[in-house]
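Here is a brief report on a protein and its salt bridges. Have a look at the structure first.

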Amino acid sequence: MAASFVTLFQWRLNSMLLHENEILLGVKDQIKSLISQLDAVGSFTGDVGMILGRESGHGSWASELRGMLRQAEDFVDDFVIRAYGQTEKDRKDSIAEFGKELQNFNSRISEILNRRPRVEAPLMLEEIQRFVRSNISSSEDKETDLVTCMLNYINLPYDLKLSLLFCRDFLGRYGQSIDGLVRVLVAAGLVQEKPGELMEDKAQENIDKLISLGMIEEHEVYWDQFEAPSPYFELSLGVMKAEDFFMSTANSDIMVPPTARHVSIYVADNTIPNTNSFLHSLFVSAKDGLSEASSDCLRNVLHNSKLLRVLELQNTQLESLPDEVGKLVHLRYLRVWYSNITKLPESISNLRNLQTLDISGPGDGFELSNGVLNLAQLRHLKMNEGEVRVPQGISRLGNLQTLEGIYAGSGIAKELGVMTQLRSLEVRCVSDDHADELYFSVMKLSMLRKLSLTVEMGSRIESYLYENSFFPCLESFSPPPLLQTLELVGRLIEMPLWLVSMENLTKLYMFDSHLSENPTTILQFLPNLKYLKMGEAYKGRRMEKEFFRAGGFPKLEYLYICSRNLVEWTEIEEGALPCLKRLIIPNCIELMLLPEGLQHVTTLQILDMWGVHEDLIRRLSPNGGPENYKIKHIPLVTYLGHISSVLGRWTPQ
């Protein structure tokens, strides 16, 4: 992937000129000269030939170029670390040395270019077949699919090739959020930074291209997550094995090669393997928390990995974040998922390049210290459990696009009004004392695309968390015009009338609304709504045809209805739900009938019924069920009985 390395190194140098202008002023000309020299490399196929194992001068030439680029990038990153820890005199000496080394790299590139061989012959099908057989375990039936996938991979642009491999590295064996992948691609430098443009938008564009090509796909249950289809999952692993640049393993005893820059270790049990000191990305997914020995290994790895840009720790059950994290000055992405930490170390304020801080599932009483206010480059701050009190002055973070899992009392609601760059906001524990100020601030956020509001929990009634928790004065709110995703968690007195004006809304989540009125009276006329999730949103016992009128929900693809009160769903008008692909009915324990007219929803691909009455399952059964005609056109039906807990599935005979 030498051509890819050329492109990425150019992007890295351009990014340095944007963000490290202070220390690079004396060597700006040398950097620009190096960028121009890299332009002369042009495009070539040596990276593909090397992956496929060609024994040619072109392959060795590409390997030499790639090795030199690795040295150059590591030298540049190491210089930045040293320069910011030096006195002014020592820094001048380092800059002078840095300039000389840049000239040396320029000369080496010229010398390598002069030895550039002729372009290789076109790829032969036999070569690709040989690569597949050598690097991927597969049956003869699957080999044809893998060869086709390899041809598709070879024809991808460089940034999409690396994005696809990063999907595999980031994914491990589990689904991950698309938003999270966007943030990782930006942090890893796989998106070109241009003044005036959001790198997140370009990363999302690349993901959309991979989805359109079928190389990754949206998760069939969770639409905000992605997964890699089997052929591309296996192909990516084979390419990573051949390249030794990306590495994904469940073996803690494996040796990490010195060429590896991105390492994923999943289901880590006892130890974490020692890694090379040039690591750029590290993903660790523990099975049941890290042992004391593994924690020591992790600290040692972090101590040696000074160039790390991406760090994700899943299910580690750490009590505290290692102090070594605060010394990773190149770190751009830090996600700690399911841990027991209650605060971040003060050294977190040293991470001046940090773009994403995602603390998911922290311990009780998690606190966010004032040190976070020093993270001037922070773009995404996510706290995914409880409601976190952020320090006053949070509005100083002018690059922040995502702010999730926060409490907006104590003056924070007012500060939100000046954070007009926000695109995603999640506020928990909304209460009377700050609701008006919060709504007023949110209405100013013209760039907002995603909004989640959870009301303060009142006294719990039976099993309903928010039965007695009403949204305060929601009728005074008016949503920002570009809002695409809205989540409301808490009881509503009535459906907000402003919902009818939300023409850009594509996803709506309503939980514990406990409405007496029909919520779809407004919702079915939203022109772009694709995803609707209603959990205890309606407390009535009967849904009739006015809930789903002909022409209603013109673009809806995913419908989730959970209601313990619902007994009868009588009818869907023919022509309603013309695009529906998936219908999920969980915990409707009293529901005895699916609606007449469901048989006319011919686009439906999946019906999921979890925790439903056994009589409903018997009525729908393909083995003589009197109402099977309503669902026999659906390719996949899954069910789980409420009492028997019998899990089953039906497919067309």
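What percentage of the 653 residues of the protein count as buried? The answer is 57%. Keep in mind that this is a predicted model.

The protein has 17 helices and 24 strands. Among contacts with a separation of 6 or more, 56% are between residues 24 or more positions apart.

Now the charged pairs. The whole structure holds 24 salt bridges. Three of them are listed here.

| Salt bridge | Closest N to O distance |
|---|---|
| Arg12 and Asp77 | 2.5 Å |
| Arg428 and Glu426 | 2.9 Å |

Take Arg12 and Asp77, which form a salt bridge. The pair links distant parts of the chain, 65 residues apart. Arg12 lies in helix H1 (residues 2–19), Asp77 in helix H5 (residues 57–83). Arg12 counts as buried because its relative accessible area is 9%, under 20%. Asp77 is buried too, with a relative accessible area of 0%.

Glu404 is in strand S12 (residues 402–407) and Lys450 in strand S14 (residues 450–455), 46 residues apart. Glu404 is buried at 4% relative accessibility, whereas Lys450 is partly exposed at 31%.

Arg428 pairs with Glu426 in a salt bridge. Both Arg428 and Glu426 are buried. Elsewhere, salt bridges with shared partners join Arg12, Glu73, Asp77 and Arg309 into one network.

Notes: Residues are numbered from 1 along each chain as its sequence is written. This is a predicted model: local features need pLDDT of at least 70, side-chain atom pairs count only at pLDDT 80 or more; totals for chains, interfaces and linings use all residues. Side-chain values use heavy atoms; hydrogens and water are left out. Helices (H or I, at least four residues) and strands (E, at least two) are DSSP runs, numbered from the N terminus. Buried means under 20% relative accessible area, exposed over 50%, partly exposed in between (1.4 Å probe, protein chains only). Contact means heavy atoms within 4.5 Å. A salt bridge is a side-chain nitrogen of Lys or Arg within 4 Å of a carboxyl oxygen of Asp or Glu.
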